[in-house]
Amino acid sequence: MKQILLTNDDGFDAIGLKVLIDALKPIAKIIVVAPARNKSACGHSLTLDKPLRLDSVNDDYYKIDDGTPTDCIFISLNNLFKEGYKPDLVISGINIGANMGEDLTYSGTAAGAMEAVLHGIPAIAISQVCKDNCHDIKNAWDFALAKKTIVDLAKKILDNEFPLSKRKFLNVNIPPIQIEECKGIKVTKAGYREYGNDTHRHHNPRGEEFYWIGLHPLIWQESEDKNCDFEAIKANYVSITPIMLDLTSYDDIDKLNTWIKEGE
């Protein structure tokens, strides 16, 4: 039987992870390794300054105390699978909230998929976009579109092959609509997110100053071809973006060489 390894950055008991487990149980053996608490926006971070404990929650279900999604994938691949064996697929999510544009560099959800492809395993990061805020989704959303999308993608990968080459993963964002409202799937590029300064200064009862970072609204720069992830979601499409870990700006190599040599 095919095996799918699941993780997330919202925590081992998050609703999105539970939805993902229920959706995928009929098609594969599910192994879960997730952070013990919310690690949103932790990026592709690996814990090196303290030991980590892998705690069993249930059969094939584990949490890592204060671990990141990257820790979860790294530790599970090296300890839960026999030497020479790997899961057939890694899925990270379902994240509550969007992971589009440059937010991928912050995303713990994306990081779980990043770590998987570094080890040669096909991977998907999936996120449920919120309409106004995430409160309603956490309490009342049925995730029907997200469940159908991830099951269809997982089956296609398990029955055939992963469509991307090495060190690349699929980043999936689900629009905040009912399944019958969805216009389909769009393969997109990552858009350009615009960021504000949403920091709030406060004082504790002792008069000590502290800052709280808020949530930025989903504002982006429109693309000429109208084919970025933000625009697909706005138009009620599921967005699937192929992401590669190679961050080299190849177009600038010759320009930088010329710049370095100027004045020598």
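Author: Helix α1 is mostly covered, with seven of its ten residues buried; buried means under 20% relative accessible area, exposed over 50% and partly exposed in between, using a 1.4 Å probe and protein chains only. This is a predicted model, in which local features need pLDDT of at least 70 and side-chain atom pairs count only at pLDDT 80 or more, while totals for chains, interfaces and linings use all residues. Residues are numbered from 1 along each chain as its sequence is written, and side-chain values use heavy atoms, with hydrogens and water left out.

The buried residues of α1 are Gly16, Leu17, Val19, Leu20, Ile21, Ala23 and Leu24. They pack against β1, β2, β4, β5 and α5. Helices here are DSSP runs of H or I with at least four residues, strands are runs of E with at least two, and both are numbered from the N terminus.

Let's start with the sheet. It is open, has nine strands in the order β3-β4-β2-β1-β5-β6-β7-β13-β8, and its pairing is mixed; two strands pair if DSSP finds at least two bridges between them. At the edges are β3 (54-58) and β8 (185-187), each pairing on one side only. From one strand to the next, the twist averages 25°. Helix α1 (residues 15-24) packs on this sheet, touching β1 (3-7), β2 (29-35), β4 (61-64) and β5 (89-96). Contact means heavy atoms within 4.5 Å. The direction of α1 makes about 135° with that of β5; axes are lines fitted to C-alpha atoms, for helices over the stretch in contact, and angles run from 0 to 180 degrees between N-to-C directions.

Now for the helix partner. The axes of α1 and α5 (residues 144-159) come within 10 Å and cross at roughly 50°. The two helices are therefore oblique to each other, since angles under 35 degrees count as roughly parallel, over 145 as roughly antiparallel, 65 to 115 as roughly perpendicular and the rest as oblique.

Which residues of α1 and α5 meet? From α1 come Val19, Leu20, Ala23 and Leu24, and from α5 come Lys147, Ile150, Val151 and Ala154. This contact holds seven nonpolar residues, no polar ones and one charged. Ala, Val, Leu, Ile, Met, Phe, Trp, Tyr, Cys and Pro count as nonpolar, Asp, Glu, Lys and Arg as charged, and the others, Gly among them, as polar.

For comparison, here is another helix on the strands. Helix α3 (residues 108-118) lies across β1, β5, β6 and β7, running at about 170° to β6. Its axis and that of α2 (residues 69-79) come within 7 Å and cross at roughly 25°, so α2 and α3 are roughly parallel to each other. This crossing is also right-handed. Pro69, Thr70, Ile73 and Phe74 of α2 make the contact with Gly108, Ala111, Gly112, Glu115 and Ala116 of α3. These residues divide into five nonpolar, three polar and one charged.

Terms used
Left-handed = near helix turned anticlockwise from the far one by under 90°.
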